[in-house]
Amino acid sequence: MRTATKLLIGLSVFGVTVGTVYWFVTYEWTGSVLLWSFSLTPLIVALFALKHGWMRAAEPEDDPSASSATLAGEDLGAFPTATAWPEFLVLGVIATGASLIYGLIMLVVGVPLLAWAVIGLARESRS
Amino acid sequence: MTTRPRSLARVGTRSLAVLTALLNASCAFGMQEGATKQGEATFRLWQAFMLAAIPVALIVYLLIAWCLVRYRRRAGDDPQALGRQFRERWSVEIAYTSIPILIVVGLFVLATRTGSTVDAVAAEPDLRVNVEAYAWGWRFAYPEQGVEVVSQPSGEGVPGPVMVLPRGATVRIVLTSNDVIHSFWVPGFLYKHDAIPGRTFEFDLTPTRPGTYDGECAEFCGLNHAYMTFSVHVVGEDEFEAWVARNRTVGAA
Amino acid sequence: MTTTAGRVVPSPEPAPPAHRLGPVERLTSTDHKNIGVLYCVTAFLFFLVGGALAGVIRLELAEPGRILANETYNGLFTIHGTVMIFLFVAPFGAGLANYFVPLQIGAPDMAFPRLNLLSYWFFAGGGALILLSGFASAGGGAAMGWTAYPPLSGLAHSPGVGPDLWILGLAMVAVSSLMTAVNLLTTVFLMRTAAMTMWRLPIFTWNMVVVAILGLVAFPPAVAGLSLLLIDRRLGGHAFDPLGGGDPAIYQHLFWFLGHPEVYILILPFFGVITEIIPVFSRKPLFGYTGFVMATVAIGALSVGVWAHHMFVTGVVDNPFFAAMTLLIAVPTGVKFFNWTGSMWGGRIWFTTPMLFAIGFLLNFLIGGVTGILLAAPALDYQLSDSYFVVAHFHYTMVGGAVFGIFAAIYFWFPKVTGAMLREKLGRIVFGLLFVGFNVTFWPQFVLGQRGLPRRYVDYPPDVGFDAPNLVSSLGYVVMAAGVIAFLVDVWISLRTRVPAGDDPWGGYSLEWATTSPPPEQNFVSMPPIRSERPAFDLRHPEARP
């Protein structure tokens, strides 16, 4: 957890640094904004990590001498086995997106399909 | 009496002298020799980069080949036998990290110096040619001479327009596009530049050798991208003046 | 013939019998192993499509004179490029990651299995749209190049619905990659087994971590650029239209900000694959693990800062900045070559088919990398950009590198996934045909670029030096195609005859080799102790433990 957090913070710092150097070398807006935004993504995850104590964590996966017995019997919760919602969700996305090309009539098909699939997938995840 | 170079500047100058001598002696490695002052600088840079790249590549290939031959499992070897189980050798790792950094820094210096030479624009060019690219042809306008050369509609087998330039003159090309992005490429000059609609680019070409040099559009621009050719005809000054006189269409600016 | 180089680890309970999935189950199962197979098989089918398109391209270019209509040819290379990059190499890497990352870290599945399946369907759906965009769209297929630069890709110059379908399809593929990235990072950060510290992760998993971060960072600006393009085309926007106050160069920034990290997303999984293979078949640990991980992170980080080396000839960017960054990225790549060589040094090299492909990767990618250094100098780029030299360069890295990595991965991991061995003798023939065919196809393209042939040309003038290299290149394609056919034959025969592979036919190092072939549904019945980056090896060789 600590290594992961350090990696994310490091990348974020790198992004800010390169973006700032780029700005003062070129005064070019697009590239500078892109590079500074590059630093934001790992920063968001790093802030989450810090807030959840990843730097202090003492998880078995970070203990070099832990034995697998530490994790034996740990309940990881149920893993889902199958779902058909993704196919319908993707069809809904395609139909909705195609409305930009083939006209708003596609939304009549696309939006209900997409909504149905999203709701279905969400409800299945909760059960 | 030998003097050892003490200052960095002298080391730099001597290295450059050695490098230039090396370049003069080495081959073209497949590259065309540039027919402009700028192209000659590019050609030298190519040679320098190849002189760096080829030995490095050869060393790596030799190391790999050595391993494959020397450390192969031979018939009769125990299939369970292990190789040497070392994981780190810090001195080697530091060496193969720092030496490439030095090489790369050197390459950057060379590349930037040549880039400055090629990108340099003179305060007062000898000749201006406005180049307008469009789908699918070229328009060359010599504003000071009142000459305009326009493509025939391009297609298979249709010859492109000819840009005539006097040898030795610093020619300012002012490049733009009428519609989509094109690119003005003369391989014999070792130079191309994109023509972007809404923007104008100015660059200098100083032809050094007479001859005819093919030109092509080098940025994909649709249907007849492959037929948007042109050529550059580099002639002596007198011939250039004669050509201008024959082709003047409007009064000189 | 089966060579079992490791002892089978006895498990305390017998593994449950392998359950063969029916077609409906295959399309709805959220098991990461199934999704991994879905990705890889679908990606390989796209490879065959893209390869067929390449064949038509090489047929056109074999001799001067035009066979195809210009528009058809333009569509061919557009779809060929899009398919190979976004629908073959990238998803194949994602498929391998899906299958093997949870195994390598000792997890029972990915962190978000449903999201994982959704991610596959976004890829498949987007891929279908992209194929449709090339062939089945009224008014004009997508024919603006896989880079889709405006104004050429704008409505005025590319009317018809092809480009719009293409944009939609690509956006869906981007969303798929984002979902996979989130899934991978969460899985690796949070679901490692006990004592599997980040510094004991197999290199393949480390590389996928960097790939995932790159995907998260790089895809959104590209989706933004594509959205703006779609808005320009269909909703009256002028983001890239100079007549409306826009600037086509901005698209290039947005596109290449993804485009360059994308090529590292394409190659890093296969750097990882051959880093799994070379130490195993040299009977040695990886040389310089720490340096390798840092080099991978460095490559990932630097790759975000080099994008405008694709724009050196536009005159719109600061060339020296990007030259510096591009030259710099050569350093960690070079470090890796020394890691790989050091991993063979003092070893006992066993020339199996996966090892042959890994070595082929090294030999080919070196050329790709070195020519990349040549292209890093802006002045040299002024000559070489947009020519066949660049085409050769990226095919050396992508085909000579990534595709060889794909075949290496298949030959290495096919026994684990199917429980059956591929045939060694046929594998060598496949390797020979691909290696020779590949180099015969693409080396002459360096020559073509040097002689001044631009890329994306449907035809070329005769007798100016383009004829012979083009013909040789096209002949090379035939040899490559023979190699692919031989490979398909190998797969077919091997699945019919089913020579059992056992848990560990190679003497592998990472955790996937410490379970059955194929693994049971929850991946592991028993978990060996993790004390290094080679837990399966440590189990077999307690005397060699660090």
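**Three chains, two contacts**

Okay, let me start with a helix pair: helix 2 of chain B and helix 9 of chain C cross in the left-handed sense. Before I go on, keep in mind that what we're looking at is a predicted model.

So, how close do the axes of helix 2 of chain B and helix 9 of chain C come, and at what angle do they cross? The axes of helix 2, residues 37-70 of chain B, and helix 9, residues 319-344 of chain C, come within 9 Å, with a crossing angle of roughly 20°. Angles under 35 degrees count as roughly parallel, so helix 2 of chain B and helix 9 of chain C are roughly parallel to each other.

Now the residues there. On the chain B side, helix 2 brings Val60(B), Leu63(B), Ile64(B) and Cys67(B), and these meet Phe337(C), Thr341(C) and Met344(C) in helix 9 of chain C. By class, the contact of helix 2 of chain B with helix 9 of chain C has six nonpolar residues, one polar and no charged.

Let's zoom out to the chains. Which chains share the most contacts? There are two pairs of chains in contact, and chains B and C are the pair that shares the most. Chains A and B, on the other hand, do not touch, and their nearest C-alpha atoms are 15 Å apart.

Take B and C, then. That contact uses 67 residues of chain B and 70 residues of chain C. On the chain B side, at least two residues each come from helix 2, helix 3 (90-119), strand 6 (182-186), strand 7 (191-195) and strand 9 (211-217). Helix 3 of chain B gives the most to that side, with 13 residues. If you sort the side of chain B that touches chain C by class, you get 38 nonpolar, 15 polar and 14 charged residues.

Next, C and A. Here 47 residues of chain C are in contact with 47 residues of chain A. The chain C side is a helix story: helix 1 (23-28), helix 4 (113-135), helix 5 (162-190), helix 6 (203-234), helix 7 (248-282) and helix 8 (289-303) of chain C each put in at least two residues. Which of them has the largest share? That's helix 4 of chain C, with eight residues of the side that touches chain A.

While we're at chain A, its domain assignment is domain 1 at 2-59 and domain 2 at 85-126. The C-alpha centres of domain 1 and domain 2 of chain A are separated by 35 Å.

There's a helix pair in chain A as well. Helix 1, residues 2-26, and helix 2, residues 29-51, of chain A have axes that come within 8 Å and cross at roughly 160°. Anything over 145 degrees counts as roughly antiparallel, and that makes helix 1 of chain A roughly antiparallel to helix 2 of chain A. Helix 1 of chain A passes helix 2 of chain A in a left-handed crossing. The contact of helix 1 with helix 2 of chain A has 17 nonpolar residues, eight polar and no charged.

Back to chain B for its domains. Domain 1 of chain B is in two pieces, 8-73 + 87-119, and domain 2 of chain B is 127-247. The C-alpha centres of domain 1 and domain 2 of chain B lie 34 Å apart. Their contact takes ten residues from domain 1 of chain B and 13 residues from domain 2 of chain B. On the domain 1 side of that contact in chain B, the residues are two nonpolar, six polar and two charged.

Last stop, a sheet in chain B. Five strands make an open sheet with mixed pairing, in the order 3-2-1-5-8. Why do strand 3 and strand 8 of chain B each have one side without a neighbour in the sheet? Strand 3 (147-150) and strand 8 (201-205) of chain B stand at the edges with a single partner strand each, so one side of each is left open. On average, direction ignored, neighbouring strands of this sheet are turned by 20° against each other.

Strand 8 of chain B pairs with strand 5 (residues 171-177) of chain B in the antiparallel sense, over five bridges, and Val171(B) stands opposite Leu205(B) in strand 8 of chain B. Strands 2 and 3 of chain B form a hairpin with four residues between them, and Gly146(B) in the turn has a positive phi of about 70°.

Terms used. Residues numbered from 1 in each chain as written. Chains lettered and ligands numbered in written order. Predicted model: local features only at pLDDT ≥ 70, side-chain atom pairs only at ≥ 80, totals over all residues. Domains from an automatic or database assignment. Axes fitted to C-alpha atoms, helices over the stretch in contact; angles between N-to-C directions. Parallel < 35°, antiparallel > 145°, perpendicular 65-115°, else oblique. Left-handed = near helix turned anticlockwise from the far one by under 90°. Contact = placed C-beta atoms within 7 Å. Nonpolar A, V, L, I, M, F, W, Y, C, P; charged D, E, K, R; others polar. Pairing = 2+ DSSP bridges.
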